[in-house]
Amino acid sequence: EPTAMSLRHFTAQWGTARPVHALVPEQPGGRFDRSVTIEQHAREALSAIRSRQPAGPLALAGHSIGGLVAYEIARQAIDSGQHVEWLGVLDTEAPSMAPLLQQQATLRWRLRRLRQQPARERWGRFVEVALRVFRQGPSAFWSANEFDYPGATAVACGYQQPGHDVPVHLFVREASVSFMKADRLGWDEFHHGELTAYRLQTEQRALLDVPGVQRLAQLMLESLNNIRD
């Protein structure tokens, strides 16, 4: 599980003074239940957080679809009179970009994304994908052990809540900014409160991959320390 593996880079830098807990939604069979909304995921996550930390301010962060869950947890916490000390959104598109996300979930978008990869990796993936689709049809584009991108996209695009004003710390890869053609992935238009953006120069496919995750952990710790000083 990549999330659990990435967690060790945070605990290694943050130590016991900044304990980190990972909350991973259940995905039976490795696929998202599309009937479970972001709001429901957030409600369950907030309950799990409070079972571990019954009182005190909250520091929240989420990557990809987890960024939306963290954003909604912050709303629910504030609405119930709780204090959110810090909110991080990691390489997540704003809800206002849902139409583009739906386009990206198509086979045509995935093939275009492949063309942006280095030539050797690109042609290897083209051959792998072509063989898989030829044998099993277009639904086989996502292999069984890959992240359920279509399911995550469907759940994310169903999120209809408006922006709130809890300060957000946004961490994005240059590659995401370039591909989406949006410096802050739409959050500057969607979010109502203060927004601080951090751009990470990394060639990794995901923000939580090594070595990019090590720089991310450092930036997040510095941001948390600035809030608490």
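Me: Which residue in E4 does His169 stand opposite?
Reply: His169 stands opposite Thr196 in E4. Keep in mind that this is a predicted model: local features need pLDDT of at least 70, side-chain atom pairs count only at pLDDT 80 or more, and totals for chains, interfaces and linings use all residues. Residues are numbered from 1 along each chain as its sequence is written, and side-chain values use heavy atoms, leaving out hydrogens and water.

Me: How do you know that E3 and E4 pair?
Reply: Strands (E, at least two residues) and helices (H or I, at least four) are DSSP runs, numbered from the N terminus. Two strands pair if DSSP finds at least two bridges between them. Here 6 bridges join E3 to E4, so they pair. They run parallel.

Me: Why do E1 and E4 stand at the edges?
Reply: The open sheet has 4 strands in the order E1-E2-E3-E4, with parallel pairing. Strand E1 (58-63) and E4 each have a single partner strand, so one side of each is left without a neighbour in the sheet.

Me: What makes Phe10 and Trp14 an edge-to-face pair?
Reply: Rings of Phe, Tyr and Trp (its six-membered ring) pair if their centres lie within 6.5 Å; planes under 30 degrees apart count as stacked, over 60 as edge-to-face and the rest as tilted. By this rule there are 6 aromatic pairs. Phe10 and Trp14 are 5.4 Å apart centre to centre, with 90° between the planes, which makes the pair edge-to-face. Both residues lie in helix H1 (residues 2-14), 4 residues apart, about one turn of the helix.

Me: And why is the pair of Phe171 and Tyr198 called stacked?
Reply: The ring centres of Phe171 and Tyr198 are 4.4 Å apart and their planes stand at 5°, so the pair is stacked. Phe171 lies in strand E3 (residues 168-173) and Tyr198 in strand E4 (residues 195-200), so the pair ties together parts that are 27 residues apart in sequence.

Me: Why does Tyr198 count as buried?
Reply: Buried means under 20% relative accessible area, exposed over 50%, and partly exposed in between (1.4 Å probe, protein chains only). Tyr198 has 19% relative accessibility, so Tyr198 counts as buried. Phe171, at 0%, is buried too.

Me: Which residues touch the most other members of the largest nonpolar core?
Reply: A nonpolar core is a set of buried Ala, Val, Leu, Ile, Met, Phe, Trp, Tyr and Cys residues joined through side-chain atoms within 4.5 Å. In the largest one, with 37 residues, the answer is Leu60, Ile73, Leu87 and Trp187.
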